[in-house]
Amino acid sequence: MIKSEKGTVEIVNGRNAVKSAGWGQWEPKDVAELTENVVKLSKQLKPGKWGYIADPSKMDPILS
């Protein structure tokens with residue numbers, strides 16, 4: 001598991017998948033960090049197809 005100030009990225013037990021959860025308000029740099037962490041953990045998965053699960057339920061809404 002990789003934890004940061006605004007979220008976590010982890011491998012799902014028993015599955016060939018990576019899951020991320022975020023909270024708060026994100027900036028572009030936070031998305032870049034998330035992407036790096038997802039790629040980093042996905043390299044630990046078995047060869048072949050793998051999945052990605054994103055949980056944005058605790059993130060702040062994006063308003064313009």
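## Order of helix and strands

Going along the sequence, the chain follows the pattern β-β-β-α-β. That gives one helix and four strands; helices (H or I, at least four residues) and strands (E, at least two) are DSSP runs, numbered from the N terminus. This is a predicted model, in which local features need pLDDT of at least 70 and side-chain atom pairs count only at pLDDT 80 or more, while totals for chains, interfaces and linings use all residues. Residues are numbered from 1 along each chain as its sequence is written, and side-chain values use heavy atoms, with hydrogens and water left out.

## The chain as a whole

The C-alpha trace spans about 40 × 20 × 20 Å along its principal axes. Of the 64 residues, 28% count as buried, where buried means under 20% relative accessible area, exposed over 50%, and partly exposed in between (1.4 Å probe, protein chains only).

Contact here means heavy atoms within 4.5 Å. Among the contacts in the chain with a separation of 6 or more, 55% come from residues 24 or more positions apart.

## A parallel pair and its helix

Strand β3 (residues 17-24) and strand β4 (residues 51-59) run parallel and are joined by seven bridges; two strands pair if DSSP finds at least two bridges between them.

Together with helix α1 (residues 28-42), β3 and β4 make a right-handed β-α-β unit. Right-handed means that, with the strands pointing away from the viewer, the path from the first strand over the helix to the second runs clockwise.

## A look at T8

T8 sits in strand β2 (residues 7-11). Is T8 buried or exposed? T8 has a relative accessible area of 14%, so T8 is buried. Neighbours within four places in sequence aside, T8 is in contact with M1, I2, K3, K19, S20, A21 and W23.

## A look at L45

Where is L45 placed? You will find L45 in the loop between α1 and β4. L45 counts as buried because its relative accessibility is 12%. Which residues is L45 in contact with, leaving aside its neighbours within four places in sequence? They are I11, R15, N16, A17, V18 and W50.

For a sense of distance, L45 and I62 are 17 residues apart in sequence and 32 Å apart in space, C-alpha to C-alpha.
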